[in-house]
4 protein chains.
Amino acid sequence: MPLDDYPPLTAASDRQQLKLSERLFATRRLSLDIARPLSPEDQTVQAMDDASPTKWHLAHTTWFFEELLLKPFLPAYRIFDDRFAYCFNSYYNSLGERHPRPKRGLLTRPRADEVIAYRAHVDENLRRLFEAPFQEGARSLIEVGINHEQQHQELMLTDILALFAANPLRPAYRTEAPEPAALEGGAGEWRAVKGGIHEVGHRGGGFAYDNESPAHEVLLRDFRIFSRAVTNGEWLAFMEAGGYQTPSLWLADGWGAVEGEGWRAPLYWERVGDVWHQMTLYGLRPVEAARPVTHVSYYEAEAFARWAGGRLPTEFEWEIASLGEPQPAPFDFARLLPSPAEDGVSPMFGGVWEWTASTYLPYPGFKSLEGPLGEYNGKFMCNQMVLRGGAALTPDGHMRPSYRNFFYPHQRWQMTGLRLASDA
Amino acid sequence: MPLDDYPPLTAASDRQQLKLSERLFATRRLSLDIARPLSPEDQTVQAMDDASPTKWHLAHTTWFFEELLLKPFLPAYRIFDDRFAYCFNSYYNSLGERHPRPKRGLLTRPRADEVIAYRAHVDENLRRLFEAPFQEGARSLIEVGINHEQQHQELMLTDILALFAANPLRPAYRTEAPEPAALEGGAGEWRAVKGGIHEVGHRGGGFAYDNESPAHEVLLRDFRIFSRAVTNGEWLAFMEAGGYQTPSLWLADGWGAVEGEGWRAPLYWERVGDVWHQMTLYGLRPVEAARPVTHVSYYEAEAFARWAGGRLPTEFEWEIASLGEPQPAPFDFARLLPSPAEDGVSPMFGGVWEWTASTYLPYPGFKSLEGPLGEYNGKFMCNQMVLRGGAALTPDGHMRPSYRNFFYPHQRWQMTGLRLASDA
Amino acid sequence: MPLDDYPPLTAASDRQQLKLSERLFATRRLSLDIARPLSPEDQTVQAMDDASPTKWHLAHTTWFFEELLLKPFLPAYRIFDDRFAYCFNSYYNSLGERHPRPKRGLLTRPRADEVIAYRAHVDENLRRLFEAPFQEGARSLIEVGINHEQQHQELMLTDILALFAANPLRPAYRTEAPEPAALEGGAGEWRAVKGGIHEVGHRGGGFAYDNESPAHEVLLRDFRIFSRAVTNGEWLAFMEAGGYQTPSLWLADGWGAVEGEGWRAPLYWERVGDVWHQMTLYGLRPVEAARPVTHVSYYEAEAFARWAGGRLPTEFEWEIASLGEPQPAPFDFARLLPSPAEDGVSPMFGGVWEWTASTYLPYPGFKSLEGPLGEYNGKFMCNQMVLRGGAALTPDGHMRPSYRNFFYPHQRWQMTGLRLASDA
Amino acid sequence: MPLDDYPPLTAASDRQQLKLSERLFATRRLSLDIARPLSPEDQTVQAMDDASPTKWHLAHTTWFFEELLLKPFLPAYRIFDDRFAYCFNSYYNSLGERHPRPKRGLLTRPRADEVIAYRAHVDENLRRLFEAPFQEGARSLIEVGINHEQQHQELMLTDILALFAANPLRPAYRTEAPEPAALEGGAGEWRAVKGGIHEVGHRGGGFAYDNESPAHEVLLRDFRIFSRAVTNGEWLAFMEAGGYQTPSLWLADGWGAVEGEGWRAPLYWERVGDVWHQMTLYGLRPVEAARPVTHVSYYEAEAFARWAGGRLPTEFEWEIASLGEPQPAPFDFARLLPSPAEDGVSPMFGGVWEWTASTYLPYPGFKSLEGPLGEYNGKFMCNQMVLRGGAALTPDGHMRPSYRNFFYPHQRWQMTGLRLASDA
Ligand SMILES: [Fe+3]
Ligand SMILES: [Fe+3]
Ligand SMILES: [Fe+3]
Ligand SMILES: [Fe+3]
């Protein structure tokens with residue numbers, strides 16, 4: 001077994017610190033749980049330039065705590081290996097030179113067990129940090145570190161899927177697959193939302209990323225949004241109607257991707273005999289009509305919406321429409337696929353990341369943080385599209401109305417789908 | 001001389017048609033005037049994938065009239081050469097297969113003089129069209145055709161500059177260069193604009209593109225905008241301050257371009273001894289501090305603004321601030337450079353295209369036109385940034401508050417610059 | 001007309017110089033004759049990286065004389081334009097920096113007529129050189145210059161064909177096309193050649209390149225060589241037998257090219273309805289079965305030979321077999337296609353360049369020349385295959401038993417074919 | 001421990017079969033020994049397109065026996081996993097579709113321990129094969145299989161070095177490094193060899209590849225060959241003399257590689273402070289002057305020879321000169337570097353693979369084998385250069401005068417060096 005069980009936590013007196021530390025170590029433990037079904041080989045290889053090896057994710061999230069928390073805040077902290085900063089920095093120019101991203105898969109050393117030891121070393125020191133009152137600033141850095149690691153947990157899962165989908169043996173990451181869905185998810189319906197001046201963005205308590213601020217007012221027009229995400233069944237209809245062969249449905253850059261990449265279906269779909277199948281974290285499965293479509297690019301989502309006579313919602317329409325939506329079910333290894341629509345409804349959180357019509361841009365008055373965390377979000381505010389909602393494999397705490405996810409419009413390896421909107 | 005003088009126009013009875021026809025044939029004539037200083041060689045070569053040969057522009061704008069106007073509206077129109085549709089369609093999927101864009105420069109045939117003959121044939125038939133009352137729909141297509149050709153006129157000039165800048169002989173396109181500018185353009189000042197709900201987009205009379213509609217309300221915050229564009233002198237200060245060597249100033253994709261392309265200065269700048277020079281349509285000239293900087297990408301503009309402590313305006317801030325700005329001077333071959341700032345002021349129209357902070361996206365309720373013109377604008381609404389204003393070499397009639405120009409954020413071969421904004 | 005008639009030569013007293021000067025100026029004139037049917041546009045564009053513009057060939061061959069002959073040997077020679085050395089040096093590192101090869105097509109300036117003026121200036125000075133006795137070394141440099149220009153004449157023709165074949169109008173370079181060939185070229189027969197020690201390479205009088213020396217002995221085995229080149233008809237049979245779909249016939253690198261480039265027929269072949277056509281300097285023509293196949297790569301030639309049960313001859317087998325072959329007919333604009341086989345025979349000189357099984361390597365004891373001419377041949381002695389014979393469009397004087405032409409095994413834009421050999 | 005000890009062999013009655021089986025199982029065991037110091041991670045990753053993962057080598061050599069020996073010759077053989085043929089076929093078109101070479105590193109499954117199980121399964125069946133008299137043809141296939149696996153053993157070592165050299169931690173594959181060499185290897189001397197007709201190629205007993213046949217006569221001129229390989233010390237002198245900055249020393253394609261790849265030293269050399277170091281299978285070591293230079297391309301070897309006033313020998317000169325050379329020392333994990341020259345002598349076998357001036361081409365009368373083994377050697381006979389000798393890490397039995405190794409002239413990741421020759 002490549003990954004040892006994680007040692008139990010020690011108690012801590014401060015009540016609030018206890019809760020923070022509980023969340024911290026639960027997060028640290030979940031990363032190991034995600035890696036557990038993987039061999040050292042699986043953890044090491046980089047499926048493609050956009051993806052990273054599991055082992056790299058495990059080490060990078062650890063380096064993040066070491067670099068931003070332990071080095072500045074824990075007196076006499078001993079660095080585990082001073083060469084790891086070069087290996088496991090992702091993109092922080094302010095934190096020094098780093099290993100090139102497309103070559104992360106060449107790092108067979110440190111081995112998977114050495115990365116586990118690195119994690120144990122950092123975790124032990126994180127526990128020591130909790131033994132005394134915090135210095136100023138540490139708390140919010142721990143929050144960032146937790147949220148950072150959770151984001152990487154989702155990437156670990158999508159990157160593993162990319163790796164296993166490239167393997168002719170089509171291995172399954174886990175075996176506790178959900179039951180086949182009912183054949184139909186229900187017709188669904190349009191829900192009307194009133195326009196006017198609405199406030200969007202993060203307000204009030206709880207953690208949020210800098211890109212959700214400042215909260216501000218936006219002017220919306222009346223609009224409608226659909227009660228469920230677009231399903232695989234609808235996508236099959238789009239394919240059968242020649243959607244991938246009709247340039248007038250597509251943005252110019254999207255049509256360029258269709259032709260250049262030879263897209264004919266969502267990523268991970270393949271024909272087995274006469275039946276469309278889909279590679280999933282549970283291995284190859286027949287495509288189920290009632291589940292939300294996944295692994296489509298913005299270009300595909302936008303073309304589908306045009307074909308269907310609707311459009312994508314803007315990120316603010318989406319945000320306003322999502323207020324009052326139910327909280328998603330907790331993260332569960334037995335539910336790594338979006339649940340099928342039922343009676344025409346699929347929830348806005350916890351199914352698929354839903355492409356919006358909005359480019360990822362700063363909010364009015366946005367200021368990047370000082371220091372290295374200023375590189376976390378702001379420098380990516382160009383060329384990417386906002387996704388809202390959160391997927392079946394998104395960690396708890398990463399789904400809220402103001403949360404902004406973002407990817408390039410051609411990218412498909414995340415669990416991405418769409419929900420239609422239309423003018424009122 | 002490669003291009004013959006254009007024959008004079010015949011009279012027409014209908015007063016309104018006269019004015020339309022006058023504008024049509026004046027536009028047609030200007031295209032030939034732009035090509036006149038060029039040899040057949042110059043007109044044929046494609047400087048790079050983004051650019052097109054002059055000859056191709058001359059033929060493509062002609063095909064546009066032939067295809068959309070003469071074929072449907074002029075009875076018994078004889079097509080000049082039925083192979084030209086393949087050669088000179090740009091990107092209209094609905095109008096058939098076409099020659100690949102990066103290979104436009106391979107079309108040594110038809111020759112430049114044959115393209116002139118093609119233009120004469122189409123122009124003569126356009127005149128015949130004016131001899132009888134119009135069928136429905138033709139008038140607006142002529143308007144589109146005029147505006148289309150004018151857009152290509154600006155591209156002809158920027159594409160010629162790209163071609164001549166790639167020539168080690170650094171040829172001058174024209175010799176009637178403006179005088180050197182005064183050393184300083186003045187300090188300039190911030191102008192305050194009140195926020196609130198403003199109406200933007202095209203309203204009322206006159207031609208406008210579909211992408212300027214529907215006019216709609218937007219909610220702005222109070223902001224300030226600067227009285228002049230950023231100058232070459234300021235850009236030199238940015239360079240000397242290490243702007244091109246400081247990753248924290250840049251968007252991630254921008255820094256990738258700096259490193260990948262080796263950017264160290266605006267496009268067309270080169271050092272001659274100790275002095276920065278700039279390749280222009282008048283040949284190589286020393287960089288003049290008081291003129292607006294040109295040929296910078298969005299990435300560079302955005303980084304400069306960060307360095308300068310400001311930001312780029314959104315397209316709507318820009319539009320509101322431009323209401324009441326003076327009309328630009330008419331197009332003039334002796335003024336193909338942006339005029340220097342005077343007393344700290346440079347006008348918002350007719351100097352440089354000014355990058356905004358807004359992605360080129362459809363307005364709420366935007367609908368593409370039916371038919372081939374639906375491909376004119378809408379399918380490019382992704383991945384590009386909006387520019388506003390209009391450059392020294394922009395044709396008359398293409399500068400108005402609601403006009404939206406758009407290019408990819410890495411592109412630099414247009415006459416692009418910037419003007420700073422800031423929060424109030 | 002883009003190219004003026006060439007002025008007549010003046011007389012010269014020295015008998016030998018007369019003959020040399022006659023050949024020199026006849027060569028110079030032929031280059032202009034080759035360019036004559038071309039517009040300035042045609043002369044300027046570069047069809048692909050491997051090809052060069054006609055205008056560039058005209059200027060480069062002129063620079064060769066200016067640089068190597070006039071500058072060192074003609075007192076008080078005035079350089080026509082000192083920037084041309086940068087523009088028109090091809091690959092001589094010892095003669096300074098130069099314009100990048102793939103960007104030769106961007107040189108719209110100097111114009112075609114300026115290149116003609118450059119040629120006239122250099123020619124006039126070459127005539128002045130002949131007015132006095134030569135300094136030592138000039139004679140052989142003139143010989144090299146003539147032969148150099150002749151090599152470029154063939155390239156001009158093949159590069160024009162590449163350009164016109166990329167034009168959807170499929171223009172004809174010349175109209176004096178040969179008559180369609182008889183349907184069959186005859187069965188042909190094997191000719192036996194005795195092995196043993198043979199001398200190969202250049203001996204005795206007349207010009208030869210350094211790569212033909214030193215003459216030396218080689219040991220050959222008995223072999224057979226076919227009486228004619230492989231014909232289009234045979235190539236069609238290869239295609240119909242699935243030659244391009246059968247990996248076992250191909251070298252690994254060849255099969256990589258078939259798959260990577262999508263080869264399904266010789267270059268310039270295209271289907272018009274049910275009939276294979278071939279783009280030629282006379283425009284698009286039906287493929288004629290009796291003519292030698294042309295525009296095949298080494299990979300294709302080698303695969304064909306395997307399919308046919310033969311093999312390619314080595315360059316030395318070819319050379320020995322060619323001794324006593326008839327001299328080819330003089331260069332003729334009405335015969336720019338290889339003549340059809342007659343009665344099973346096609347001559348070894350003047351039809352197609354015939355791929356051999358030999359890599360282009362130095363002969364034992366080969367020494368590169370001192371100075372810039374040392375870069376002429378020797379530095380290309382790697383990765384290329386030797387071709388022997390000479391094509392229909394090869395200039396007179398470039399076909400002799402010891403002559404070694406060479407190209408990379410994937411290249412197809414030269415007039416290349418093959419002749420089978422086999423073990424005795 | 002990733003690799004289990006190999007089980008002992010059972011006895012066999014046939015004396016000759018015993019010896020064959022001894023060699024077979026010793027070879028099989030050595031592959032596991034080579035993999036033993038490697039973690040599953042190390043065994044899985046592909047350092048670059050030219051290299052393959054250790055695990056892939058282990059499985060591919062096993063598939064070779066399964067496919068060519070067990071399936072046809074062992075009755076009732078049960079295939080281990082019928083999907084492995086797709087995964088582990090290298091390039092045999094005749095044996096079906098296969099996983100793309102540049103994606104071998106994506107095969108995290110089967111895991112390293114599953115590949116070991118695959119090997120055990122095949123080995124057990126190979127032992128069963130030896131329990132009965134052989135059917136016709138099996139013996140020579142076993143010989144080929146042994147030699148094939150030995151070739152892959154060398155590749156395993158060079159591919160591991162490529163992987164570890166790409167790791168910023170610069171791991172050592174093994175620790176039993178040889179002592180530092182004496183500072184100087186001795187001056188060396190020229191050895192004269194008489195020309196005339198010599199016989200080359202494989203004759204007589206013992207295994208040889210098809211590419212060593214037919215033995216045939218060649219005609220050589222008198223020549224000289226040096227008593228030792230070129231050393232690191234000499235290479236440093238070449239570097240200090242500006243060898244990598246002087247285009248006149250290089251073939252055109254070689255100079256293109258120098259400029260395109262930024263070559264400034266042999267592969268794996270790097271500066272640490274002021275001292276050149278070299279990444280080796282024992283980790284990073286200072287460059288030792290007396291050892292033969294390694295990891296240079298043909299282009300570099302050829303340029304060095306020109307700079308040194310010599311040339312590379314042809315493969316036949318090398319072969320004749322090597323007759324009577326001492327047999328190399330047995331393969332030894334403590335001697336994975338070429339031994340330093342002593343008293344000016346380094347042996348021709350067992351130090352470095354020595355680039356020759358000969359392209360890898362078929363011998364006169366060469367015929368590919370029938371069936372899949374016909375793809376073993378013949379289809380690579382183009383574009384590659386012959387190397388002779390054998391390196392410190394070459395397995396026993398792969399060094400003989402007639403042995404022909406071959407690589408592309410730009411490749412450097414094999415243990416390649418050179419020895420000078422000159423005309424008599
Ligand atoms: Fe991160
Ligand atoms: Fe257009
Ligand atoms: Fe040349
Ligand atoms: Fe193999």
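This is a predicted model: local features need pLDDT of at least 70, side-chain atom pairs count only at pLDDT 80 or more; totals for chains, interfaces and linings use all residues.
Let me start with strand 9 of chain D, residues 385-388, which is covered on both faces: D:Met385 and D:Leu387 on one side, and D:Val386 and D:Arg388 on the other, are all buried, where buried means under 20% relative accessible area, exposed over 50% and partly exposed in between, with a 1.4 Å probe and protein chains only. In a regular strand the side chains alternate between the two faces of the sheet. Strands here are DSSP runs of E with at least two residues, helices are runs of H or I with at least four, and both are numbered from the N terminus.

Residues are numbered from 1 along each chain as its sequence is written, chains are lettered from A and ligands numbered from 1 in the order in which they are written, and side-chain values use heavy atoms, with hydrogens and water left out.

Strand 9 of chain D has a partner in strand 8, residues 353-359, to which it is joined by 3 bridges in an antiparallel arrangement, the pairing rule being at least two DSSP bridges between two strands. Within that pairing, D:Thr359 has D:Met385 as its bridge partner. Strand 9 of chain D is also joined, again antiparallel and through 3 bridges, to strand 10, residues 405-407, and there D:Leu387 stands opposite D:Asn405.

Now to chain B, and to B:Phe331, which lies in the loop between helix 10 (315-322) and strand 8 (353-359). Is B:Phe331 buried or exposed? The relative accessible area is 16%, so B:Phe331 is buried. Leaving aside residues up to four places away in sequence, B:Phe331 touches several residues, among them B:Leu30, B:Leu157, B:Leu336 and B:Pro395, contact meaning heavy atoms within 4.5 Å.

How much area is buried between chain A and chain B? About 2,100 Å², of which carbon and sulfur atoms give 56%, buried area being the accessible area, with a 1.4 Å probe, that two parts lose on being put together, summed over both. Of the area that chain A buries against chain B, A:Leu219, A:Cys382 and A:Asn383 supply 22%, more than any other three residues. Between these two chains the count of salt bridges is 0, the rule asking for a side-chain nitrogen of Lys or Arg within 4 Å of a carboxyl oxygen of Asp or Glu.

Finally, between chain A and chain D the buried area is about 2,400 Å², with 64% from carbon and sulfur atoms. On the side of chain A, the residues that lose the most area are A:Glu41, A:Arg109 and A:Leu169, together 31% of what that side buries. Across this interface there are 2 salt bridges, and the side chains of D:Asp42 and A:Arg109 meet in a salt bridge at 2.7 Å, N to O.
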